[in-house]
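I set down here what I looked up in this model, entry by entry.

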Amino acid sequence: MTSITVTPEDRVFVLTGAGISAESGLPTFRASDGLWAGHNVEEICTPEAWQRNPEVVWKFYSDRREAGKVALPNPAHIAMAELESKLGGRFFLCTQNVDDLHERAGSVRLVHMHGELSKARCERECGRPPVEDHAIYRSLADVPHCPCGGRLRPHIVFFGEMPLEMERIEAEIAKSTLMVVVGTSGSVYPAANFVNWARSAGARTVYIGPEPPLNASAFTHVVEGKAGKVLPGLFVVE
Ligand SMILES: NC(=O)c1ccc[n+]([C@@H]2O[C@H](COP(=O)([O-])OP(=O)(O)OC[C@H]3O[C@@H](n4cnc5c(N)ncnc54)[C@H](O)[C@@H]3O)[C@@H](O)[C@H]2O)c1
Ligand SMILES: [Zn+2]
């Protein structure tokens, strides 16, 4: 398959994972050694780790902020923004990524189901909304507090926490006729189930990435290749 036709009746739901940012120089999580940028993420990205040692957690996400700042959107991010510009309200993007490369490429109708590197929120869940925060924290003494007295934590969904915006995501999947999944290993739930929800609602389902994901059998098509090579020019919008 060298092209995917998008008809005037189609509504497209896109799910992206770490693979779409790989060609921007940001490492994916599940490299063959099981480490992410030298860390065992299951030991850092958890509520328990935050309770045990918030400074280590902030150092880790400060490193991610520094890496994210110098990364640039690649042709795959740009292709998604261009598809949105053609489809408008018939396009919706859900990313598992915490970087802002989709926004910087021009995507607008998107949600970050696993949070955003550029924000922080109260550790006490006191009800105040997340705040913009681009700071680099190397010492806990530098981390600001919420007016309620709680410490600010990264606005990131740790392992074991509920993903964000699930109601909106479910509604968008229910309306979609074409699901496009890019660069995600299909190992983290509920995202790995989106393809099944879309298929049982009758949608076509396409995966794009250099190797088949764990849930490959749920897709009607798997296009093997790097996102930055495959996505530009893949969609023919009627
Ligand atoms: N809380 C945290 O900080 C943390 C840490 C680790 C994972 N997670 C969560 O787990 C989620 C799932 O991980 P994931 O599936 O996004 O990442 P992953 O590392 O599990 O999978 C990356 C996928 O991208 C593919 N890929 C590699 N290069 C590519 C390219 N050039 N083009 C297209 N695809 C390419 C790989 O084949 C792989 O299937 C993450 O989004 C994240 O939210 C969270
Ligand atoms: Zn608070």
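I began with strand β5 (residues 115-122), which pairs with β6 in the antiparallel sense over two bridges. I took strands as DSSP runs of E of at least two residues and helices as runs of H or I of at least four, numbered from the N terminus, and I counted two strands as paired if DSSP finds at least two bridges between them. The model is predicted: local features need pLDDT of at least 70 and side-chain atom pairs pLDDT 80 or more, while totals for chains, interfaces and linings use all residues. Residues are numbered from 1 along each chain, ligands are numbered from 1 and chains lettered from A as written, and side-chain values use heavy atoms, without hydrogens and water.

I found A120 opposite V131 in β6. The open sheet runs β6-β5-β7 with antiparallel pairing. Because β6 (131-132) and β7 (152-156) each have a single partner strand, one side of each is left without a neighbour in the sheet.

I next listed the donors of the zinc ion (ligand 2), that is, N, O and S atoms within 2.8 Å of the metal (3.2 Å for Na, K and Ca), with water not among the atoms. They are the SG atoms of C122, C126, C146 and C148, at 2.2 to 2.4 Å. C122 lies in strand β5 and C148 in the loop between β6 and β7, 26 residues apart.

I then checked accessibility (buried under 20% relative accessible area, exposed over 50%, partly exposed in between; 1.4 Å probe, protein chains only). C122 is buried at 4%, whereas C148 is partly exposed at 27%.
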